[in-house]
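These notebook entries record what I looked up in the structure shown below. I worked through it topic by topic.

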Amino acid sequence: MILLVLLHALIAVAAPVLARVLGRRVFAWIAIAPIATLVWLGTELGQVLDGGEVVSRTEWVAGLDLDLVFRLDAFGALMVLLVSGIGVLVFAYAGFYFYDRPDLGRFAMLLCAFSGAMLGLVLADNLILLFVFWELTSVTSYLLIGFDDLKESARKAALQALLITGTGGLAMLAGLVIVGQQAGAWTISEVVANPPTEGAVMGWAVVLLLAGAFTKSAQVPFHMWLPGAMAAPTPVSAYLHSATMVKAGVYLIARFSPAFADVGLWRPLTATFGVATMIWGGYRALRQHDLKLVLAFGTISQLGFLVALFGWGTSKLLFAATAMLLAHAVFKAALFMVVGIVDHQAHSRDLGRLSGLGRRLPVVAAVAALGSLSMAGVPPLLGFVSKEAGFVGFLEAPGAWSNVVLAGVTLGSVLTAAYTLRFMWGTFGTKAAVVDPIGASVTRPSNWFVLPAAILAVVSVIAGLATGLPDELIRPAASALYGPAGEYRLHLWPGIGTPLLLSAIAVGGGLVLFFGREGITRLQDRLAVGGGADVVFHTGYAGTLRTAARITRVIQPGSLMVYVSIILVVFALVPGVIIVEHLQVPEGTVFAESPLQVTMALVVMVGAVATVLTRQRFAAVLTLGVVGYAVAMLFVVQGAPDLALTQFLIETVVLVLFLLVLRELPKRFRARTDTALKTVHVAISGAVGAVVFAIMLTSLAARTERPVGVDAAALSYPEGQGRNAVNVILADIRAFDTLGELVVITVAAVGTVALVRARRPRGSDTEPPDIERAGMRLRGEP
Amino acid sequence: MTEGRPFGGDRSPIPDESVRLVFHTVLVLSVYLLFAGHNAPGGGFIGGLVAGAAVFLRYIAAGSAGAAVSRFRFEVLLGLGLLISSVSGVASLVGGREFLESWVLDERIGVLGQVKVTASLPFDIGVYLVVLGLTVAIVDSLGREADESERVALHPSGEEPSAP
């Protein structure tokens, strides 16, 4: 399984290169990845549907229980079928959707990378691995939404999606960690088999998990990123934002619902958010004029339905939810593809301008009609069959609250039927009121372009008519979640009863709402409340940035004097307070070992004082040099020639460096007249000096172990074959450290050059040619 | 005009000539320090600094009118140094040793006589190059390019300042 995920990554990396050669045909090649996945699934399907599982485990970080555990069970098989099956169709569709454009390779790469991430997500059994793939889908989705990176709206929408799903993902990570710790196991299968349900901390864990699921699956009030995500090219909307990625949240709920449905707020939260989302999404869909947005809000509504179904957690509802998951993915992908075709042919998605398209594009209209009937829940399509199962599930669920949820779900279904009609009418209807309609000039798309959508539409019909087929897939899938799901079956004809009545209410109510649409529009206009959640998001976002800017202004005033003062005061206070308590003078301390030491110390002092007193920068640099050279002399006296040599050289280099910088600065220091400030500075300097002195003295006295230098010097020859212990230490004993320091030096050098060049205005035409010539010489010219 | 430009101004023959005399000697010294460093004071770091000092000398003598101070760009020196040090570490792996583990080569090589080389020599050569690269980078960015941009600023038409 890990190989399949890697295959996706590999093909994604190759995609840009392939696209340069193949153009649009690159999509046929990247489809190899999902096709390979489907072939593999085919070989494993038999045993998985019989209740078996396929597990692959690769050790990654053993100490952290972080193994790459992938596991395929029947529910995973259903998800893989959706991810890769719809993936193949979307890749084929994308090949016809795009005109040849230079960034096609990037698109193919991202689409394939997403496909791999999603595959990993539904196969991952390790909790942390699940999170990793979860975030990968967020990142690829961000890049795909912002694919038209020259459009500001696309970039904003992408960022919004990333922030919302990313924040939710972090909450989920916290939840996963709590769950893992409480369960003492880090795989989903083990956690679900032995779920930790006790304790307040689990109450928090489920809330955190749901936060991740709700943001990913666009539940109100976190839904606003999904309509924004429609900025992505339509194949992305069809794949990510209807059929697969937004199902990740639903998938998480599905996996954990059997274990956690009774824990804490799990069931109330999923039911409340699910039903609210279902109704609000449907209500908003009725307001939209952009066909893609009608479907986007429809998707939000359907995701709410799925969350409510899965979240309740009874076996019958899990079965219905699994069926609904399949049905929704199939019909929604088909409908998005239809919108893409219409957009491609008519160059418009505005239902206020399209008119008479049904007569021009009969095949497309037929495909859309099948998808729509399934979405609205009309027999004999898969959407109807699954929704019936959902109604039955809520009717049979114990407790009064399930009836409230059922009522909400029914209302949501009424809205679903209504916006489905709006979609069909808006896309294909002939509207007398439309001035300057688009439609007469629309050309027919090629049959290949329509084929992927048609396949999905036909699947909806067949699966609805012959319910035995999806049963074979859905029953084991639901059983994998909850254990044996009993005798549940999908029924094409459920018999006269409450569920059928509810379906009739849904479709009838939808018709009423549709034909009374002008009244509804007026009502919605009257109730409209600004931008709602979107405004809240943007206000919060802008507020965060402003607060951050304000904090930065406070802690980063831009004054070198303030920075240095703060650093030095902290240094004087924190170790200072401790050193006062522990001050020690080492035994056998002598004033000086030789007269030269005293002389050099005096030179250091004089140099230091002169540096402070002088007003000229140049003089200050020179006197500072005096301090450095005198210290080097002290090393000589101590018998450390290597150290002294290094100190001399560094001192010289620093001196030249200073002089180079000095010419950018005024010749003289600004004369300070503020006596109070001067006093503070003198106090800080004095304190720092005293603390350093005390630390030196105490640390000499505080030695408890043998100095490491003794061993290092002794090892110098036997280990490093060198008599210069300093050099052997640097280049052999601790060579790895030195290598790190070399990297630091390199980075610092490059950074310095970049900084210096950046702040220097350069006239492009007056650029001296020396630099180019210097560059040429590198390539071997004299 | 020379105010605040300690290295600006006109070229003078005395530093010019003396640096020409000293430059190569200093470079040879730096290489000696590099090789001697294993058993005597010196090493890659010190050698690199000495070589860097030679570059500084040349820059100071040539002043703002000088050409590039080094035949090599600092990027090459830095990259090459890092490469040599890393490769010398990886080379230890070939003999079944740990990364950067030391080895000794004590052979009689032709006219060179008995030659003893340890793992730290190639490593130290890398250190030498990186340190030299750093000093060249400093002279290049803070010195030479600053001179040029000043010259450009003073003579925006792109003319060279008239010869003294």
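**Entry 1. The hairpin of chain A**

I noted at the outset that this is a predicted model. I began with the hairpin of S1(A) and S2(A), which has 4 residues between the strands. In that hairpin, Asp65(A) takes a positive phi near 55 degrees. I then looked up the pairing: strand S1 covers residues 54-61 of chain A and strand S2 covers residues 66-72. The two strands run antiparallel and are joined by 7 bridges. Val61(A) faces Leu66(A) in S2(A), the two standing opposite each other.

**Entry 2. Helices H13 and H19 of chain A**

At what angle do the axes of H13 and H19 of chain A cross? I found a crossing at roughly 25 degrees, with the axes coming within 8 Å. Helix H13 spans residues 266-285 and helix H19 spans residues 401-428. Angles under 35 degrees count as roughly parallel, and H13(A) and H19(A) are therefore roughly parallel to each other. I recorded the crossing of H13(A) and H19(A) as left-handed.

I next listed the residues that make the contact. From H13(A) they include Ala271(A), Val275(A), Met278(A) and Ile279(A). From H19(A) they include Val405(A), Gly408(A), Leu411(A), Tyr419(A) and Arg422(A). By class, the contact of H13(A) with H19(A) has 11 nonpolar, 5 polar and 1 charged residues.

**Entry 3. Helices H25 and H29 of chain A**

I turned to another helix pair of chain A, namely H25 (residues 560-582) and H29 (residues 675-701). Their axes come within 9 Å and cross at roughly 40 degrees. H25(A) and H29(A) are therefore oblique to each other. H25(A) passes H29(A) in a left-handed crossing.

Which residues meet here? On the H25(A) side I noted, among them, Met561(A), Leu568(A), Phe571(A), Pro575(A) and Ile579(A). On the H29(A) side, the list includes Leu677(A), Ile684(A), Val688(A), Val691(A) and Ile695(A). The contact of H25(A) with H29(A) divides into 15 nonpolar and 5 polar residues, with no charged residues.

**Entry 4. Backbone details in the loops of chain A**

I looked up the loop between helix H9 (200-216) and helix H10 (225-228) of chain A, where Pro221(A) is found. The peptide bond from Val220(A) to Pro221(A) is cis, with omega near 5 degrees. Ala218(A) also has its place in the loop between H9 and H10 of chain A. Although Ala218(A) is not a glycine, it has a positive phi of about 55 degrees.

Pro380(A) lies in the loop between helix H17 (362-376) and helix H18 (382-396) of chain A.

I then examined His347(A), in the loop between helix H15 (315-346) and helix H16 (357-360) of chain A. His347(A) is not a glycine, yet it has a positive phi of about 55 degrees. His347(A) counts as exposed because its relative accessibility is 61%.

I located Gln160(A) in helix H7 (residues 152-183) of chain A. Gln160(A) is buried, with a relative accessible area of 5%. Leaving aside residues up to four places away in sequence, Gln160(A) touches Met224(A), Trp225(A), Asp534(A), Phe537(A) and His538(A).

Ala9(A) is found in helix H1 (residues 2-22) of chain A. At a relative accessible area of 38%, Ala9(A) is partly exposed. I noted that Ala9(A) and Ala33(A) are 24 residues apart in sequence and 9.1 Å apart in space, C-alpha to C-alpha.

Arg553(A) is in helix H24 (residues 533-555) of chain A. Arg553(A) counts as exposed, at 57% relative accessibility. From Arg553(A) to Phe693(A) I recorded 140 residues in sequence and 35 Å in space, C-alpha to C-alpha.

**Entry 5. Chain B as a whole**

Chain B has 164 residues, of which 45% count as buried. Among the contacts in chain B with a separation of 6 or more, residues 24 or more positions apart account for 64%.

Conventions:
Residues numbered from 1 in each chain as written. Chains lettered and ligands numbered in written order. Predicted model: local features only at pLDDT ≥ 70, side-chain atom pairs only at ≥ 80, totals over all residues. Heavy atoms only, no water. Pairing = 2+ DSSP bridges. Axes fitted to C-alpha atoms, helices over the stretch in contact; angles between N-to-C directions. Parallel < 35°, antiparallel > 145°, perpendicular 65-115°, else oblique. Left-handed = near helix turned anticlockwise from the far one by under 90°. Contact = heavy atoms within 4.5 Å. Nonpolar A, V, L, I, M, F, W, Y, C, P; charged D, E, K, R; others polar. Buried < 20%, exposed > 50% of the residue type's maximum accessible area, 1.4 Å probe, protein only.
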